[in-house]
Amino acid sequence: MGTMTFLPRVLVNAAAIWLATVLLDGLEVVGGDDTASRVLVFLAVALVFGLVNAVVRPIVAFFSFPLYLVTLGLFTLVVNALMILLTGWLSGLTDYGLRVDGFWTALLAGLLVGVVSFLLSLVVPGARKRRD
């Protein structure tokens with residue numbers, strides 16, 4: 001993945017995470033005293049989320065493949081929630097980052113972030129994954 005797709009995807013994820021924090025109680029991004037530092041915190045959380053999805057998600061998907069088949073793909077929602085929870089845990093190691101109240105919040109957040117990211121990636125140049 002080149003720089004041309006990396007930066008737009010981080011921006012799209014940051015916007016999707018921001019929207020999820022606005023719409024969901026129990027999901028928040030903490031840190032940053034002013035608008036510029038808040039934006040940086042959202043970008044950092046989006047970066048961690050992107051790295052988690054790039055590194056951990058394929059491993060989880062490989063080992064949970066039978067569950068994807070049995071549930072006709074609905075297990076994707078659980079994996080999305082786990083990626084949100086992992087992002088929250090990793091960023092929780094600092095004073096800044098994503099705070100998630102529990103699994104159900106993470107499930108809704110994963111669904112919302114996934115849908116919003118997909119829709120934004122359709123309109124943001126360079127944000128779509130390339131399947132070469």
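How are H4 and H5 oriented to each other: roughly parallel or roughly perpendicular? They are roughly perpendicular (angles of 65 to 115 degrees count as such, under 35 as roughly parallel, over 145 as roughly antiparallel and the rest as oblique).

This is a predicted model, in which local features need pLDDT of at least 70 and side-chain atom pairs pLDDT 80 or more, while totals for chains, interfaces and linings use all residues. Residues are numbered from 1 along each chain, and side-chain values use heavy atoms, without hydrogens and water.

Start with the pair of helices. Helices are DSSP runs of H or I with at least four residues, strands are runs of E with at least two, and both are numbered from the N terminus. Two packed helices are described by the angle between their axes and the distance between the axes. H4 covers residues 75–91 and H5 residues 103–123. Their angle is about 105°, and their axes lie 7 Å apart. Axes are lines fitted to C-alpha atoms over the stretch in contact, and angles run from 0 to 180 degrees between N-to-C directions. Contact means heavy atoms within 4.5 Å. On the H4 side, the contact includes Leu77, Ile84 and Leu85. On the H5 side, Phe103, Leu107 and Val113 are among the residues.

Now take H4 by itself. Its 17 residues should span 24 Å at 1.5 Å a residue, and its end C-alpha atoms are 24 Å apart, which agrees. The expected span is 1.5 Å times one less than the number of residues. Buried residues of H4 include Phe75, Met83 and Ile84 (buried means under 20% relative accessible area, exposed over 50%, partly exposed in between, with a 1.4 Å probe and protein chains only). The buried residues of H4 pack against H2, H3, E2 and H5.

Leu98 is buried, at 3% relative accessible area. Leu98 touches Ile84, Thr87, Gly88 and Ser91, among others. Glu28 is also touched by Leu98. The two residues are 70 apart along the chain, yet their C-alpha atoms are separated by 5.8 Å.

H2 is another partner. H2 has 29 residues, 35–63, and reaches 41 Å, close to the expected 42 Å. A kink of about 40° lies at Val56, shortly before Pro58. The bend is the angle between axes fitted to the seven residues ending there and the seven starting there.

Finish in the loop between H3 and H4, where Leu72 is found. Leu72 is exposed, at 77% relative accessibility. Its phi is near 55°, a positive value in a residue other than glycine.

Methods. Lists of a residue's contacts leave out its neighbours within four places in sequence.
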